[in-house]
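Colleague: I am new to this structure and would like a close look at a single part of it. Could you take me through the salt bridges slowly, and say where the partners sit?

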Amino acid sequence: MKTTRKGLREGELEKDTYDRLACSECGETLKTRNDPEEVFSVRTCPDCGTEWKELG
């Protein structure tokens with residue numbers, strides 16, 4: 001699982017006009033899953049199911 005920063009650099013993610021992260025492939029805004037046991041949040045595309053880590 002890649003980080004959201006790496007996804008932005010590689011063109012897998014993009015920011016919309018409101019600076020929300022969106023999947024470049026689907027165009028959908030990412031959903032957030034936050035596990036209290038982990039240091040990072042998991043960002044998931046609702047259409048294709050691809051996941052990225054979001055640190056801090």
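**Salt bridges around Lys2**

Modeller: Please keep in mind that this is a predicted model, and that a search of the whole structure finds five salt bridges. I will begin with Lys2, which forms a salt bridge with Glu10, where the closest N and O atoms are 2.6 Å apart. Lys2 also takes part in a salt bridge with Glu12, and there the closest N and O atoms are 2.8 Å apart. Glu12 lies in the loop between helix 1 (4-9) and strand 2 (13-15), whereas Lys2 belongs to strand 1 (residues 2-3), so this pair ties together parts that are 10 residues apart in sequence.

As for how open these residues are, Glu10 counts as partly exposed because its relative accessibility is 43%. Lys2 is likewise partly exposed, at 32% relative accessibility, and Glu12, with a relative accessible area of 28%, is partly exposed as well.

Another of the salt bridges links Arg20 with Asp16, the closest N and O atoms being 2.9 Å apart. Here Arg20 has a relative accessibility of 42% and so counts as partly exposed, while Asp16, at 23% relative accessibility, is also partly exposed.

Methods:
Residues numbered from 1 in each chain as written. Predicted model: local features only at pLDDT ≥ 70, side-chain atom pairs only at ≥ 80, totals over all residues. Heavy atoms only, no water. Salt bridge = Lys/Arg side-chain N within 4 Å of Asp/Glu carboxyl O. Buried < 20%, exposed > 50% of the residue type's maximum accessible area, 1.4 Å probe, protein only. Helix = DSSP H or I, 4+ residues; strand = E, 2+ residues; numbered from the N terminus.
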